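Hi there,

Here is the structure I promised to pass on.

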Amino acid sequence: MTKYLEKNTVGVAVVGTGFGQKVHIPGLQEHPRTEIVAVYHRDLQKAKEIASGQNIPHACCTVEDIVALPEVQAVSISTPPFLHYEMAKTVLQAGKHLLLEKPTTLSAYEARELYDLANKTGAIAVMDFEFRFVPAWMRFAEMLSENYVGQKRLIKIDWLVSSRADATRPWNWYARKDRGGGALGAVASHAFDYISWLFGPVRRLSAKLSTSIPARPDLATGEMKQVDADDTCMLMLELADGTPCQICISSVTYQGRGHWVEVYGDRGTLILGSDNQKDYVHGFRLWASPAGKNLTEIEIPHRLDFPKNYTDGRIAPFMRVVDRWLQGIDAGAAVTPSLREGVYSQLLMDLSHQSNELGKWVEIPELENFLI
């Protein structure tokens, strides 16, 4: 008997077979309450090969075919961002539950339309903002909520990696701004979500986006093609409570320091960070110091541990996102992080582009007002 036929098991279709094959498929196969019943690839033959290799019953080359299957109760989407809006819209219009990768869409208006559609159909939609579910990050959030640092004076975020530092890495959709490519969408989408989660809303921001590798080789033609998507982002934020926040993100820094979030307050300091360049989830550690004292590493409580760790660090927090998704499906009520959080992250990305183009600070509307 398959898991799908067992009580309380949800039949899921996987749409997207890049990140989907690395994280979504193994995570959903491992989860005790999800059964993968269909897989999508735009090339039907490839979809059939993946389905056969993973023992998945159905292979489809359109999302319409996916949602037409009665076994499909929910859909995970991990395609490139320029495909998210139309695919997610098809899923939600069919009344199927949705798990969506970041960045949400290509604009906050598209994201808002998906949010409204989920509310209208009653579908439970979650975003894969997985840092919310990583043990060190969870303890970091607890200590912030316990007011460990007191009144915040400065938040500093560095996310410096070398994933695209090699100029011979081939050109693809990631090189195109109009396709949702670039470090802002790939990385700042996460940062904007966890800033909102950990520190609250943003009042205004200033962004400088740059492209240090202006052309990359096209494997199909051998020619160099233009890159107009950013690979480095310098951001300044003023939070609603007045706290200044400085963010430096780059995907082209050989031996970059990794991913670090530093919070300085009048009562103390918290520093969360990882220098792991191979896996953006594994390796986070947490340090703390009361005002005037030395930093000390904080042991992460076992109660926050993943039930199981995987070679790919992204799988365990993804499974916790699935846990949250299933809680919402069971209760018939929205859960966090939902499309609401996806709208806010996308809104901050849109306004970062606007600030960069205008060369000035831009004000951030309150989310409630934007959602009206």
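**Helices and sheet**

Let me begin with helix α7 (residues 183–199) and helix α9 (residues 339–358), whose axes cross at roughly 120 degrees and come within 9 Å. Bear in mind throughout that this is a predicted model. Angles of 65 to 115 degrees would count as roughly perpendicular and those over 145 as roughly antiparallel, so α7 and α9 are oblique to each other. The crossing in which α7 passes α9 is right-handed.

If you want to look at the contact itself, α7 contributes Leu-184, Gly-185, Ser-189, Phe-192, Asp-193 and Ser-196. Facing them from α9 are Glu-341, Tyr-344, Ser-345, Leu-348, Met-349, Ser-352 and His-353. By class, the residues of this contact are five nonpolar, six polar and two charged.

α7 lies across β7 (152–160), β8, β11 (232–239), β12 (244–250) and β13 (258–265), and runs at about 155 degrees to β7. α9 lies across β8, β11 and β17, at about 55 degrees to β8.

Now to the sheet. It is open, has nine strands and mixed pairing, and its order is β16-β15-β14-β13-β7-β12-β11-β8-β17. At the edges stand β16 and β17 (362–363), each with a single partner strand, so one side of each has no neighbour in the sheet.

Leu-270 is found opposite Ala-288 in β15. β15 then pairs with strand β16 (residues 296–297), again in the antiparallel sense, over two bridges, and Trp-287 has Glu-297 in β16 as its bridge partner. The hairpin of β15 and β16 has five residues between the strands, and in it Gly-292 takes a positive phi near 80 degrees.

One more helix pair is worth a look. Helix α1 (residues 19–30) packs against helix α8 (residues 315–331) at an angle of about 60 degrees, with the axes 9 Å apart. This crossing is right-handed too. On the α1 side the contact is made by Lys-22, Val-23, His-24, Pro-26, Gly-27, Leu-28 and Glu-30, and on the α8 side by Ile-315, Phe-318, Met-319 and Val-322. Seven of the residues in this contact are nonpolar, two polar and two charged.

Best wishes

Note on methods. Residues are numbered from 1 along each chain as its sequence is written. This is a predicted model: local features need pLDDT of at least 70, side-chain atom pairs count only at pLDDT 80 or more; totals for chains, interfaces and linings use all residues. Side-chain values use heavy atoms; hydrogens and water are left out. Axes are lines fitted to C-alpha atoms, for helices over the stretch in contact, and angles run from 0 to 180 degrees between N-to-C directions. Helices (H or I, at least four residues) and strands (E, at least two) are DSSP runs, numbered from the N terminus. A crossing is left-handed if the near helix is turned anticlockwise from the far one by less than a right angle, and right-handed if clockwise. Contact means heavy atoms within 4.5 Å. Ala, Val, Leu, Ile, Met, Phe, Trp, Tyr, Cys and Pro count as nonpolar, Asp, Glu, Lys and Arg as charged, and the others, Gly among them, as polar. Angles under 35 degrees count as roughly parallel, over 145 as roughly antiparallel, 65 to 115 as roughly perpendicular and the rest as oblique. Two strands pair if DSSP finds at least two bridges between them.
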